Amino acid sequence: MKRPLPFLTLIFCLGIFFAFRIKFNLTLLYFLFIIFFILSLFTLKKSFFDFFLFVLIFCLGIILSKNTQILPTNHISKIISYKDEPYIIKGSVASQPEFKNNLTRFIFNVKELENKAINQSTSGRLLVYLKGKKELAYGQVLILKGRLFRPFIFNRINNRYSTYLSCRGIDFILRVKNDLDILRLGKKEGSLIISFALNLKNKIKRLISYNLSFPALNILEAMLLGERKSIPSFINDLMIKTATVHILVVSGFHVGLVTFIIILFLKMLRFNKWFNICLSIPCLILYCLITGSSNPTLRATVMAVVFLFGYLLKREPDIYNSLSIACLFILIGNPRQLFDIGFQLSFASVISLVYLYPKIKAILHIDNLKIKFLKIILKSLLVSFSAWLGTSGLIAYYFKIFSPVAVLANLLVIPLASLIIFCGFSLIGINFVFPILSPLFAASLEFLVFLLIGINTFLLKLPYAYFRLG
Amino acid sequence: MFDFTYQERKVILFLIIVALFGSLINFLNKYSSKTEKNLSYLYQNLGKLNLNTVDEETLIDIPGIGKILANRIIEYRHKNFYFKSIEELKNIKGITRLRYEKIKDYFYLP
C-alpha cells in the first residue's frame, strides 16, 4: 500500500465508532489486544502481519474510547444527584470567560464538592453560568455555590446540546445567581502558555474594539480570534444560508493565511529559512491557543506543523499522511471528537478538496485552457464546488439546509475574507508601529466587512438560493 | 535604491492601497455629513429585514418565530398601520422579553 497511514486512521476511526455504538467488555478487549499483539510479533516477516496490524489498530480505537467512557470513582457525575440542595464547588476556570445575554460563561475544572450530605475531593468539568458581567480570568481559583443541571436540548440547528458538551467532557451546568455565591481565591492554576495566549488575545481584542465598531468588530473578532459568540444572530443565520459561515470559524483557511503572514514577516526580517520555519511553528501553536484550539484550528495547525517539519527535513510532505496525523492527534486526545460536527465538517472539506478537486479538474481538462483569466476563474469555481460537494451532505443532515448558492457565494466571499484577514492583521501590526495610521486601516476594514454582508444579502435574494429541509 | 525583495514590494503596495482606501472613506465622511450618516446607517442595518415589508415566509425562517407568531406580526402590522419602533414587537402575544431579545436584531425600520 502506498499510503498506509490514512487507511490505519480509518480503521482507528471505525474502532471509535463501534466503541460508542456496541457494548464491549474492556478486560476481554485487553486480552484480545495482547493475543493479536503476540500474533503480530510472530508474523513480522509474513504478509499476515498487515491483517493483525489492522485488528490491533481497530482494538486500540475501541480501547481508547472505552477508557474515556469510564469515569474515575470521584468524578462529579458519580457523586451528585442534581435534585439536591445547592452545592458548594471549589475549582479553577478552565476557559476564557465569555459574556453574552447578560451572562458570564466559562468551563470550570472541579476540585472539591460540598453540600449537606457530601464533602469530598472530586474531578470533572462543568459549564458555569454567572449572572451579569464578571471580571474573571483563565486559571483563577474560585468557590461557587449554585444548582447543577443536566444539559438541555439546545436548538433546532444543533442536534443535542448534551452531545455537544459531552464531546468537550462536560456533563453538568452550574448556575450561580447571586454575587455572594462567588468567592475568588487569590491562587491561580492552569497552563502558563495558555494564560499567556489568552492575555495576548485580550490585548488584541481591546485593540480591535478601540478601532472598529459593530458589525465589523464582531466579524473581525470571530475571523481572527475565534470569538464566534459575539456575532449577531442575523449575520450568522445569513451566512449559514449561503454556506459561507465557515469563514467566521477559525479553520484551515485562516491558519493557512496566518502561516503565510508569519513566514512573510519573518522573511522580511531577513532571517534564514531554517530559522523562519523553527520560529513559525511556535507562532502557529500560539495562534491555535489564542483561538481556543477548536477542532478545525487544531487540524489545520497539526497539518501546517507537519508540512513545515517536512520542509525542514527536506522531505516532500504528503497531504493524506499529514491529514491522518492531524486526525489521530485529535482523536487520541479525545475520541468523542469523532462525533463533533466541527470535526466532521473540517475533515470532510479538506478530503473533498484534496481528492475531488484534482479529479474534476482532470476530467474537465481545465489545465489545457489557453485563456489564463478563464482558467483561474474556473479553478476557483472548482475549489468551491469540491468543498461544497464534500460538505453539503453533512450540512443538510445537521443543519437541515441545502444551499445551491454556496458555490457562487464562496467564490466571491473567500477572496474578500482573505482580504479582511490580511487587513485585520495589518491593523494589529500598524497599531504597534504607527498607531496614527490605524483609523485608515479601520475604515477600509469596515467597508470590506460591509461588502461581505452585502454580497451575502444579495446572493440570498437570488431564486433557489437555499432550501430548508424537513 | 531600496533593497526590497519582490514580496516586500507587494506587501508595501498592499499597505499603501489599504491606507489610501481608508483615507478616501474618511474624506467622504468628512466632506459630507450625509455620506457619513448613510454609511453608518448601512453598516448597522445591512443584512437585516425591514419589519414593515418582510413577508410571512421570511419571518418563519427566523429562529424563534413560527407560523402562528409570523401571522400575528403581520396582523399587528396591518392593524396598526405599520410598526413605528422595533420595541412594538413586545406588544404581540407570544413575544416574551427573552424572545424579543433573540429576534430584535433581525429587523430594522427605515
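Trainee: Strand 5 (residues 125-131) of chain A: how many of its 7 residues are buried?

Mentor: This is a predicted model, and in it strand 5 of chain A is mostly covered. The number of buried residues in strand 5 is 5 of 7.

Trainee: Do strand 3 and strand 5 of chain A run parallel or antiparallel?

Mentor: Strand 3 (residues 103-114) of chain A is joined to strand 5 by 7 bridges. One position in this pairing has Leu103(A) opposite Lys131(A). The direction of the two strands is antiparallel.

Trainee: Which residue is the bridge partner of Leu126(A) in strand 7 of chain A?

Mentor: Strand 5 and strand 7 (residues 170-176) of chain A run parallel, joined by 6 bridges. In strand 7, the partner of Leu126(A) is Phe172(A).

Trainee: What area is buried between chain A and chain B?

Mentor: The size of an interface is often given as the accessible area lost when the parts come together. Here the contact takes 29 residues from chain A and 28 residues from chain B. Carbon and sulfur atoms give 65% of the buried area, which is about 2600 Å².

Trainee: How many salt bridges are there between chain A and chain B?

Mentor: One pair is Arg270(A) and Glu8(B), whose side chains meet at 2.6 Å, N to O. Another is Lys241(A) with Asp61(B), at 3.2 Å, N to O. Lys241(A) lies in helix 8 of chain A and Asp61(B) in the loop between helix 3 (56-60) and helix 4 (67-79) of chain B, so this pair joins two chains. The count between chain A and chain B is 2.

Trainee: Which helix of chain A gives the largest share of the side that touches chain B?

Mentor: Across the interface the rule finds 7 residue pairs in polar contact. The elements giving two or more residues to the side of chain A that touches chain B are helix 8 (233-241), helix 9 (252-268), helix 15 (406-433) and helix 16 (438-460). The largest share is 11 residues, and it comes from helix 16.

Trainee: By class, how many nonpolar residues does the side of chain A that touches chain B have?

Mentor: That side has 5 polar and 7 charged residues. Its nonpolar residues number 17.

Trainee: Within chain A, which residue forms a salt bridge with Arg105(A)?

Mentor: Arg105(A) is buried because its relative accessible area is 17%, and buried means under 20%. The closest N and O atoms of the pair are 3.4 Å apart, and the partner is Glu98(A).

Trainee: How far apart in sequence are the parts that Glu227(A) and Lys201(A) tie together?

Mentor: The side chains of Glu227(A) and Lys201(A) meet in a salt bridge at 3.0 Å, N to O. Glu227(A) lies in the loop between helix 7 (216-225) and helix 8 of chain A and Lys201(A) in helix 6 (residues 192-211), so the parts tied together are apart in sequence by 26 residues.

Trainee: What is the C-alpha to C-alpha distance between Asn321(A) and Leu5(A)?

Mentor: Asn321(A) lies in helix 12 (residues 319-333) of chain A. Leaving aside neighbours within four places in sequence, Asn321(A) is in contact with Arg3(A), Leu5(A) and Pro6(A). Asn321(A) and Leu5(A) are 316 residues apart in sequence, and their C-alpha to C-alpha distance is 5.9 Å.

Definitions and conventions:
Residues are numbered from 1 along each chain as its sequence is written. Chains are lettered from A and ligands numbered from 1 in the order in which they are written. This is a predicted model: local features need pLDDT of at least 70, side-chain atom pairs count only at pLDDT 80 or more; totals for chains, interfaces and linings use all residues. Side-chain values use heavy atoms; hydrogens and water are left out. Buried means under 20% relative accessible area, exposed over 50%, partly exposed in between (1.4 Å probe, protein chains only). Helices (H or I, at least four residues) and strands (E, at least two) are DSSP runs, numbered from the N terminus. Two strands pair if DSSP finds at least two bridges between them. Contact means heavy atoms within 4.5 Å. Buried area is the accessible area (1.4 Å probe) that two parts lose on being put together, summed over both. A salt bridge is a side-chain nitrogen of Lys or Arg within 4 Å of a carboxyl oxygen of Asp or Glu. A polar contact is a pair of N or O atoms within 3.5 Å; within protein, one must be able to donate a hydrogen and the other to accept it, and residues adjacent in sequence count only if both atoms are side-chain atoms. Ala, Val, Leu, Ile, Met, Phe, Trp, Tyr, Cys and Pro count as nonpolar, Asp, Glu, Lys and Arg as charged, and the others, Gly among them, as polar.
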